[in-house]
Amino acid sequence: MSASKTFIDMGGKMCAIWRLGDEDPMSTLCRMVTEMKYEDLPSHVIKHAKLSILDTMAVTVGGSAMEGVAAVVDFVKEKGGKPQSLIPFYGGKVPASEAGMAIGPMARAMDFGDVHEDAAHTSEYTVPTLLAATGLKERVSGKDILISYVLGQEVLIRIGMAIHTISKGAPLGRGGGHYIFGPVASVGKLLGLSFDDLANAQGIARAMTQPHDYSMVKPPSLMMRVHHGFISQDAINACLLAKRGITGSREEVLLGDRGFLNFAKWETDAELITQRLGEKWEMLDTMMKAHSSCKCTHTSIDGILDLMEKHGFGADDIEHIHFDESTFNWTTVCIPKEVRWGPRSVQDCQFSLPYTVATAAYDKHVFLDSYTNEARQRKDVRDLMAKITAEKDSMLPPFASRTTITLNDGRQFSNEYLHSKGHPKKPFSENELAEKFRACVPYAACMLKDDVVNAVIETILNLENSDDIVKDIIAPITPSDKG
């Protein structure tokens, strides 16, 4: 194979990214992961990474006691094994891959983590996996975590973009499967795997992929959060097995008749996997969440709150609300109608457009207190849900919606909402993310004191200065008397 070398300017540094002939793009990604150093990362990428990690740690805190999480932790502890990694909020040490199984569901349980516009959920996979993998090294620094996180995110997102998870897969009820590639890259970097070992780890991961995510949405089930644990566990195991000499597919990991992209029954864009690799950072385009619900509800929630604030009316003044929803929103949170307009479980409500909108109209927010047994039975919310209708508008981009509200006095207001709070065009500030973290603390599986919370937030915002993230971040949020 002939080698071609491209020099790319990275924040004033010239970094070489190699592509060998027509190799499978996974090999190119693995070469980037193994060769790139922390010093090669532009400062704005590092800043974004710290904010994203803070956001994901916040939702992990808040999700740590939600339904199903304690059962998974108990399951992991019963299996036992070599004490390697701490289980935050619960205590005890278990094998690193088992810690991934325990931590993964915590990050997704609130449905409050970041999402990419075409690659879907991201940090909820890479961050828990990295937390779990810390027990595999004597010490993990903040810089170790930052470079591993950035590269894992980039791999996950680029593959998700190439297969068009949101724009083309989701409307057909198929998506996901690519998530494991990001955590494998992250753990491989953290452990310092060679190119060959990482390529084998990704080949192992390839044998475990299938587009599966949307089978868990209809109807919503606890697998929406628990499958994150399987991804983290499998990613760590893939790296450890490769390190021991277990080989995986190397020829057709992403492309070719047996490649991952061939799963798609729609057009894919393989060039997005390596296009401007190391120059354009796709991980900068993730969307954080202002509401604890499926991202497909967010422009509609923001729409009703915006119109209520601008025109000074309350929920009881509303006669009717109509939404025109993108195809993605429609298929995810509007149908089947009997489930979306009659949700019962927490998962049902998180994926119900009328429930989240009606709740926001009364409470001005959608958070964990929106899903208690009492909240799910509120008559005022249920009555307003009956006044909500929706239709699909295939011309709207994936997460967009159009809100039209008719009041009891006959006045009508309407507007189109393309981006919700947390989108790169409407980003959270550092202070807003710190407050999001603090808002999640009361829901943690263990009590966290204010000084601990403040110290953890400060450490994450200055992560490059931490010499030991277990000591500075994980141990402070882990009870020492459990386990």
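Let's start with the rings: there are eight aromatic pairs here, where a pair means rings of Phe, Tyr or Trp (its six-membered ring) with centres within 6.5 Å, called stacked if the planes are under 30 degrees apart, edge-to-face if over 60 and tilted for the rest. Keep in mind that this is a predicted model, in which local features need pLDDT of at least 70, side-chain atom pairs count only at pLDDT 80 or more, and totals for chains, interfaces and linings use all residues. Residues are numbered from 1 along each chain as its sequence is written, and side-chain values use heavy atoms, leaving out hydrogens and water.

One of the pairs is phenylalanine 112 with phenylalanine 367: the ring centres are 5.7 Å apart and the planes sit at 65 degrees, so this pair is edge-to-face. The two residues are 255 residues apart in the chain. Phenylalanine 112 is buried, with a relative accessible area of 4%; buried means under 20%, exposed over 50% and partly exposed in between, using a 1.4 Å probe and protein chains only. Phenylalanine 367 is buried too, at 13%. Together with Tyr443, Phe112 and Phe367 form one aromatic cluster.

Now look at tyrosine 355 and tyrosine 371. Their ring centres are 6.2 Å apart with planes at 25 degrees, so they count as stacked, and both tyrosines are buried.

What about the cysteines? The structure holds zero disulfides, a disulfide being a pair of cysteine sulfur atoms within 2.5 Å. For cysteine 334, the nearest cysteine sulfur belongs to cysteine 296, 8.8 Å away. The sulfur of cysteine 446 is 14 Å from its closest partner, in cysteine 440, which is too far for a bond.

Definitions and conventions
Helices (H or I, at least four residues) and strands (E, at least two) are DSSP runs, numbered from the N terminus.
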